[in-house]
Amino acid sequence: MINEEIRAAQVRLVSDTGEQLGIMSSKEALEIAYNKNLDLVMISPKAQPPVCKTMDYGKYKFELAKKDKEARKNQKTINLKEIRVSPSIDDHDFDTKVNHTIKFLKNGDKVKITVRFRGREVHHSNLGLQLLERFRDTLADYGAADKPPKLEGKNMSMVISPK
């Protein structure tokens with residue numbers, strides 16, 4: 001709450017430099033803030049009496065927005081890329097998929113490797129499990145598996161995170 005929105009009868013006033021000005025009525029505190037061309041901002045409404053501070057509220061809001069924008073700029077978003085293979089993949093195709101996965105892991109992305117079973121292939125899910133373990137072992141230098149391979153319907157998948 002700022003300026004006239006403050007309804008407390010008595011407030012503890014802190015100046016813009018951090019100096020304690022004491023306990024006074026909210027009208028007096030508001031006059032002091034207006035004389036300095038500043039706003040009266042309630043910092044701690046739960047305290048007895050509530051604590052208010054004189055500050056330039058517009059500048060304060062701008063600084064908060066600037067810090068928030070800076071924090072968002074510095075955070076890294078992690079994307080999840082997906083590589084789909086079949087259980088009867090050939091060696092050269094396997095190497096190509098591994099190279100794509102290495103490229104994604106070097107960029108800092110997580111990779112979800114999915115083995116798609118068609119028709120009766122789902123009865124041989126052990127082949128998909130062996131394929132995903134082969135992927136995990138090949139990519140051991142670049143990333144580690146988050147969880148063991150999991151069969152969900154006709155797909156078996158595993159997520160690899162970069163090191």
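**Exercise 1. In this predicted model, find what share of the contacts between residues at least 6 apart in sequence join residues at least 24 apart.**

Step 1. Take the contacts in the protein chain between residues at least 6 apart in sequence.
Step 2. Keep those that join residues at least 24 apart: they make up 54%.

**Exercise 2. Work out the order of helices and strands, then judge how spread out the protein chain is.**

Step 1. Count the elements: 4 helices and 9 strands.
Step 2. Read along the sequence: β-β-α-β-β-α-β-α-β-α-β-β-β.
Step 3. The globule rule gives 15 Å for 163 residues, but the radius of gyration is 30 Å, well over that, so the chain is more spread out than a compact globule.

**Exercise 3. Locate the largest nonpolar core and the elements that supply it.**

Step 1. Start with burial: 32% of the 163 residues count as buried.
Step 2. Find the core. The largest one has 19 residues, and Val-85, Ile-113, Val-115, Leu-131, Phe-135 and Leu-139 have the most contacts inside it.
Step 3. Assign elements. Strands S5 (80-85), S6 (110-116) and S9 (155-162) each supply at least two residues of this core, as do helices H3 (91-106) and H4 (125-138).
Step 4. Name the top contributor: H3, with 5 residues.
Step 5. Zoom in on Ile-113. Leaving out residues up to four places away in sequence, Ile-113 touches residues including Ile-83, Leu-132, Phe-135 and Met-158.
Step 6. Look elsewhere. A second, separate core has 11 residues, among them Ile-6, Met-24, Ala-29 and Ala-33.

Conventions:
Residues numbered from 1 in each chain as written. Predicted model: local features only at pLDDT ≥ 70, side-chain atom pairs only at ≥ 80, totals over all residues. Heavy atoms only, no water. Rg over C-alpha atoms; globule rule 2.2 N^0.38 Å. Buried < 20%, exposed > 50% of the residue type's maximum accessible area, 1.4 Å probe, protein only. Contact = heavy atoms within 4.5 Å. Core = buried A, V, L, I, M, F, W, Y, C linked by side-chain atoms within 4.5 Å.
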